[in-house]
Amino acid sequence: MDEIKKLVRIITTRVKKNVSLIDVISHDENPSKEQQLFNGIQKGLYNTDDEASLGMYESDSTDQRFRMLKSRLRYKLYNLLYFVDFNDSKVNIGFPYEQECHSYIFRAKILFKEGEYELAEKHINKALAISKEAEFTELTLSGLRILRTIYAEMCRPNHLRKTIGRIKKYEEIMKIEEESDNIFNTRSMQLRKSVHSRRVHLDSTMKSVSSLKSLWEKSKSFDAFENFYRLSIASNESLGEYETILKLTSETEELVKAGKVNPLRFDIRYNVYIKTYAYLRAKDFKNGMIYAKAGLEHIGRSSRNWFSHMVNYFLMALHSGNYELAEDLIGQVYRNPHMEKISQRAKERWELYKAYLFFLMPNRDVEDVIDFSKIYQKLPFYTQDKQGLMVAIMILEFIDLMKKDKLDVALARLPNTEKYIYRYLNENPESQREKLFLKLITIMVESSFNPTIAAKKGEKYFNRLKGTPEPGDAFAEIEIVPYEQLWEMMLQNMEHSFVKLDFGR
């Protein structure tokens with residue numbers, strides 16, 4: 001059932017509007033069995049084979065009628081993949097050109113098999129015009145090789161000779177691209193596989209970045225450039241070298257403008273996203289917010305990329321203390337009707353961002369946004385994502401309780417904090433900032449919430465916190481509000497509401 005559910009999703013969202021889908025997604029009064037099964041899956045009525053078989057035949061999934069029905073529907077859905085439409089803002093901008101090339105080449109092969117050589121040549125030339133302009137080396141080679149056979153069959157020696165020469169040229173480029181692909185795929189896999197794998201392979205990956213740059217400069221190929229660009233960003237992101245990423249993304253924008261990087265293939269939307277993120281991590285909020293605002297014109301509001309971009313824009317506003325802008329941005333997010341399409345995890349993150357904003361703003365209540373009891377029920381969910389957002393949740397609850405003078409409740413939460421440190425953070429060298437800040441919270445409690453004593457006892461740890469850089473993106477979540485800023489706010493709040501607790505008596 002999983003296979004068909006995936007096909008239903010693709011067909012429903014991607015098939016071109018002007019394509020007749022026979023009876024697969026029509027809505028006749030007397031729909032076929034295939035139609036009924038499709039509709040049931042599409043509406044979420046059938047999530048398993050047993051549910052579908054029960055609904056269709058009042059039997060289990062071993063029923064031969066159901067198995068044949070599922071087979072027929074699967075066959076029809078796979079045939080409809082030929083009509084998938086990539087002409088929208090949600091996919092890589094190069095996909096429509098690639099799809100059109102494949103279409104012309106496919107037609108040319110059929111025409112050639114039927115002996116219609118002139119028609120086949122016409123379609124291949126259309127494919128080559130696109131593949132050359134968009135720099136699809138593999139498709140260009142495929143087209144040229146068919147053209148070589150066509151000219152041989154048509155006895156056109158001059159055309160054949162020139163085509164063979166063009167094939168040799170693109171084979172050299174293809175050879176370089178293959179080497180580049182091998183390096184990129186190996187190194188990117190090592191960076192993504194696990195935190196341990198990233199640490200082990202980072203140095204060798206940086207050397208590979210230099211190799212990929214040389215291969216791009218040698219071939220002038222877009223695919224070779226993209227491999228260099230993507231691995232360079234991934235490796236520098238893991239190292240926390242965001243100034244380097246800013247330099248690379250800015251240089252790339254100039255290369256695209258100059259035509260040295262193909263504008264038909266280069267996805268400016270990703271460049272906008274990663275450059276905005278680099279501004280955030282480099283703490284260049286002034287330039288970052290200007291760039292983030294301008295970058296919105298490249299990203300459609302209906303895409304998930306828009307919401308990802310807004311995270312970086314919002315966090316820059318929050319980190320710079322521009323809470324008015326942050327409130328406006330989060331308002332834009334919640335007013336966007338396409339928010340329903342983003343994942344549940346992304347929605348819950350936005351709730352947490354809004355809760356932090358409400359904590360920072362006067363006359364706002366965190367509990368109007370977030371229910372901590374419900375959050376803790378989902379604890380396993382949060383601990384699975386990198387280090388998870390669990391630290392951010394625990395910190396927010398603790399400092400919000402302090403702000404509201406609920407010190408006895410805050411004190412009761414401390415064992416959970418210490419347990420989390422012991423279980424999840426102690427053995428992770430990339431968690432130094434989290435451990436230092438949670439240590440400061442412990443000191444606040446041990447100081448009976450006296451801000452003067454806490455500031456003095458915590459000075460050593462606070463200085464260490466200021467001197468500890470945030471880890472690369474591959475290793476931890478970005479801090480929603482910098483820990484230094486939160487500690488100073490905790491001290492200020494306690495200045496106004498100091499209550500001395502008598503411990504141990």
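Just after helix H2, Gly44 takes a positive phi of about 80°. Helices here (H or I, at least four residues) and strands (E, at least two) are DSSP runs, numbered from the N terminus. This is a predicted model, in which local features need pLDDT of at least 70, side-chain atom pairs count only at pLDDT 80 or more, and totals for chains, interfaces and linings use all residues. Residues are numbered from 1 along each chain as its sequence is written, while side-chain values use heavy atoms, with hydrogens and water left out.

**The chain overall**

- The secondary structure comes to 24 helices and 0 strands.
- Out of 505 residues in the chain, 49% count as buried; buried means under 20% relative accessible area, exposed means over 50%, and partly exposed is in between (1.4 Å probe, protein chains only).
- Take the contacts between residues at least 6 apart in sequence: 66% of them join residues at least 24 apart. Contact means heavy atoms within 4.5 Å.

- H2 covers residues 33–42 and is mostly covered, with 7 of its 10 residues buried.
- Those buried residues are Glu34, Gln35, Leu37, Phe38, Asn39, Gly40 and Ile41.
- Asp50 has its place in helix H3 (residues 49–57), and at 43% relative accessibility Asp50 counts as partly exposed.
- Setting aside neighbours within four places in sequence, Asp50 touches Ser59, Asp60 and Ser61.
- Asp50 and Asp63 are 13 residues apart along the chain, and their C-alpha atoms are separated by 9.7 Å.

**Two helix pairs**

- Two packed helices are described by the angle between their axes and the distance between the axes. Axes are lines fitted to C-alpha atoms, for helices over the stretch in contact, and angles run from 0 to 180 degrees between N-to-C directions.
- The axes of H5 (residues 95–113) and H6 (residues 117–134) come within 8 Å and cross at roughly 160°. H5 and H6 are therefore roughly antiparallel to each other. As for the cut-offs, angles under 35 degrees count as roughly parallel, over 145 as roughly antiparallel, 65 to 115 as roughly perpendicular and the rest as oblique.
- H5 passes H6 in a left-handed crossing. That label applies if the near helix is turned anticlockwise from the far one by less than a right angle, and a crossing is right-handed if clockwise.
- On the H5 side, the contact includes Tyr97, Tyr104 and Leu111, and on the H6 side it includes Tyr117, His123 and Ile130.
- The residues of the contact of H5 with H6 divide into 14 nonpolar, 2 polar and 3 charged. Here Ala, Val, Leu, Ile, Met, Phe, Trp, Tyr, Cys and Pro count as nonpolar, Asp, Glu, Lys and Arg as charged, and the others, Gly among them, as polar.
- H14 (residues 304–319) and H16 (residues 344–360) have axes that come within 12 Å and cross at roughly 15°, so H14 and H16 are roughly parallel to each other.
- H14 also passes H16 in a left-handed crossing.
- Phe307, Met310, Val311, Phe314, Leu315 and Leu318 of H14 make this contact with Trp350, Tyr353, Leu357 and Leu360 of H16.
- By class, the contact of H14 with H16 has 10 nonpolar, no polar and no charged residues.

**Aromatic rings**

- The structure holds 17 aromatic pairs. Rings of Phe, Tyr and Trp (its six-membered ring) pair if their centres lie within 6.5 Å; planes under 30 degrees apart count as stacked, over 60 as edge-to-face and the rest as tilted.
- Phe225 and Phe228 form an edge-to-face pair, at 6.3 Å centre to centre with 65° between the planes. Being 3 residues apart in helix H10 (residues 222–239), Phe225 and Phe228 are separated by about one helical turn.
- Phe225 is buried at 1% relative accessible area, and Phe228 counts as buried at 8%.
- Tyr229 and Phe266 are edge-to-face too, at 5.3 Å centre to centre and 75° between the planes. Tyr229 lies in H10 and Phe266 in the loop between H11 (242–257) and H12 (268–281), so the pair ties together parts that are 37 residues apart in sequence.
- Ring pairs link Trp216, Phe222, Phe225, Phe228, Tyr229, Phe266, Tyr270 and Tyr273 into a cluster.

**Positive phi outside glycine**

- Cys155 has a phi near 55°, a positive value in a residue other than glycine. Cys155 lies in the loop between H7 (137–153) and H8 (157–193) and counts as exposed at 64% relative accessibility.
- Lys220 has a phi near 60°, also positive in a residue other than glycine. Lys220 sits in the loop between H9 (195–219) and H10 and is exposed, with a relative accessible area of 59%.
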